[in-house]
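I opened this notebook to record what I looked up in one structure.

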Amino acid sequence: MDRKCAIGSCPIFPMLDLMEKKWALRIIREIYGGHVRFNDLKRNLKGITAAVLSKRLKELEKKGFVSKTTYKVGAGEIEYTLDDGARHLMDCWDIHKQN
């Protein structure tokens, strides 16, 4: 993608606010590989409670970094993926790193 990273539209600044919160970056790292279910996140992030994981995922979703899909199979499995905001964040990170 050839997007510019302009001040005011850059997702790095809202992400910096989230980075101050425990678990946010680790959650993004876990989701970075593709579609991840809530229970897989819980299992892979040793020490996180379900309540904190749920809260962080909602914050990341609200900021446009994570998308949630609910499947009506079984107990209603929930799956998370990185959203365009997270991909744009990675592009911007590379731009800022070069400067």
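My entries on salt bridges and on a surface patch follow.

The model is predicted, so I noted that local features need pLDDT of at least 70, side-chain atom pairs count only at pLDDT 80 or more, and totals for chains, interfaces and linings use all residues. Residues are numbered from 1 along each chain as its sequence is written, and side-chain values use heavy atoms, with hydrogens and water left out.

Entry 1. I looked up the salt bridges (a side-chain nitrogen of Lys or Arg within 4 Å of a carboxyl oxygen of Asp or Glu). The structure holds five of them. One of these joins E59 to K21, with the closest N and O atoms 3.3 Å apart. E59 lies in helix α4 (residues 50–62) and K21 in the loop between α1 and α2, so this pair ties together parts that are 38 residues apart in sequence. Helices here are DSSP runs of H or I, at least four residues, numbered from the N terminus.

Entry 2. I then followed E59 to R56, which it meets in a salt bridge of 3.2 Å, N to O. Both lie in helix α4, three residues apart, about one turn of the helix.

Entry 3. I checked exposure (buried is under 20% relative accessible area, exposed over 50%, partly exposed in between, with a 1.4 Å probe and protein chains only). E59 is buried at 16%, whereas K21 is partly exposed at 34%.

Entry 4. I found that F13, L16, M19 and L25 make a nonpolar surface patch of about 320 Å². Patch residues have over 30% relative accessible area and no salt bridge; like charges are joined within 9 Å, nonpolar side chains (Val, Leu, Ile, Met, Phe, Trp, Tyr) within 5 Å. Helix α1 (residues 12–19) gives the most to this patch, with three residues.

Technical notes
Accessible areas come from the Shrake-Rupley method with a 1.4 Å probe; for residues, only the protein chains shown count as cover. Helices (H or I, at least four residues) and strands (E, at least two) are DSSP runs, numbered from the N terminus.
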